[in-house]
Amino acid sequence: MTPTTHVFRSIRPDEWRQVKELRLDALRDPVAHLAFLETYEDAAAEPDAFWQDRTAGAAAGVVERQQLVAVGEDGVWAGSVTVLVEEAGVRDWLGNMVERTQGHLVGVFVRPEYRGSEAGVTRALFDAALAWSWEIGLERVRLFVHERNGRAEAFYRKAGFLPTGETVPMPGDTGELELEFVITRG
């Protein structure tokens with residue numbers, strides 16, 4: 001498969017069932033514990049209203065966050081990434097002060113059968129997320145990757161993200177670290 005067989009776009013508010021299905025599939029992934037801050041069991045227990053709100057809050061037209069998906073010709077969602085807009089002067093998810101308005105990529109997931117450079121889905125999803133970020137005026141986008149997620153780290157570097165040297169502890173006092181990577185506009 002090539003990215004030309006996919007459409008890369010923002011989700012729509014009425015697509016909450018697809019958002020839920022893709023997220024639950026992501027949480028079943030063997031490395032989900034390194035990449036996501038929730039478990040399959042917790043997410044699966046959420047009521048439909050949760051998924052409806054979550055979807056509407058990251059759909060086309062929302063400026064605070066945007067979830068982008070790769071949709072195949074057959075209608076199957078191959079993957080997704082979400083951009084959170086972090087405003088300067090507010091606290092981030094860890095309680096640290098955000099120094100500049102920036103994007104924060106989270107929830108990166110591509111179904112196994114669409115992974116790899118030959119498919120190009122992951123790279124095209126990132127390109128779409130960055131294009132949206134630059135379009136709304138962001139100059140910097142960051143992400144965090146678990147220190148033991150070498151596959152993801154290699155991809156992020158290949159996509160142009162650079163390590164900042166900043167690290168944050170993994171939630172849950174595990175002693176493990178998340179590494180910050182950034183890319184700047186231009």
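This is a predicted model: local features need pLDDT of at least 70, side-chain atom pairs count only at pLDDT 80 or more; totals for chains, interfaces and linings use all residues.
1. On confidence, the protein has an average pLDDT of 92, and 98% of the residues score at least 70. Among the elements, helix α4 (residues 48–56) has the highest mean pLDDT, at 98, whereas helix α2 (residues 32–35) has the lowest, at 81.

2. On the helix pair, the axes of helix α5 (residues 121–135) and helix α6 (residues 150–158) come within 11 Å of each other and cross at roughly 55°. The two helices, α5 and α6, are therefore oblique to each other, and the crossing in which α5 passes α6 is right-handed.

3. On the second largest pocket, the volume is about 270 Å³, and the lining is made up of 14 residues, with Met97, Glu99, Gln102, Arg142 and Glu180 lying nearest the centre.

4. On the make-up of that lining, the second largest pocket has seven charged residues, four nonpolar ones and three polar ones. Strands β5 (140–146) and β6 (162–169) each contribute at least two residues to the lining of this pocket.

Notes. Residues are numbered from 1 along each chain as its sequence is written. Side-chain values use heavy atoms; hydrogens and water are left out. On a 1 Å grid over the protein atoms alone, a cavity is a set of points where a 1.4 Å probe fits but cannot get out, and a pocket is an open set with protein on both sides within 12 Å along at least five of seven lines; lining residues have an atom within 4 Å of a point. Grid points are joined across faces, edges and corners, and a volume is the space filled by probe spheres set on the points. Helices (H or I, at least four residues) and strands (E, at least two) are DSSP runs, numbered from the N terminus. Ala, Val, Leu, Ile, Met, Phe, Trp, Tyr, Cys and Pro count as nonpolar, Asp, Glu, Lys and Arg as charged, and the others, Gly among them, as polar. pLDDT is the predictor's confidence in each residue, from 0 to 100. Axes are lines fitted to C-alpha atoms, for helices over the stretch in contact, and angles run from 0 to 180 degrees between N-to-C directions. Angles under 35 degrees count as roughly parallel, over 145 as roughly antiparallel, 65 to 115 as roughly perpendicular and the rest as oblique. A crossing is left-handed if the near helix is turned anticlockwise from the far one by less than a right angle, and right-handed if clockwise.
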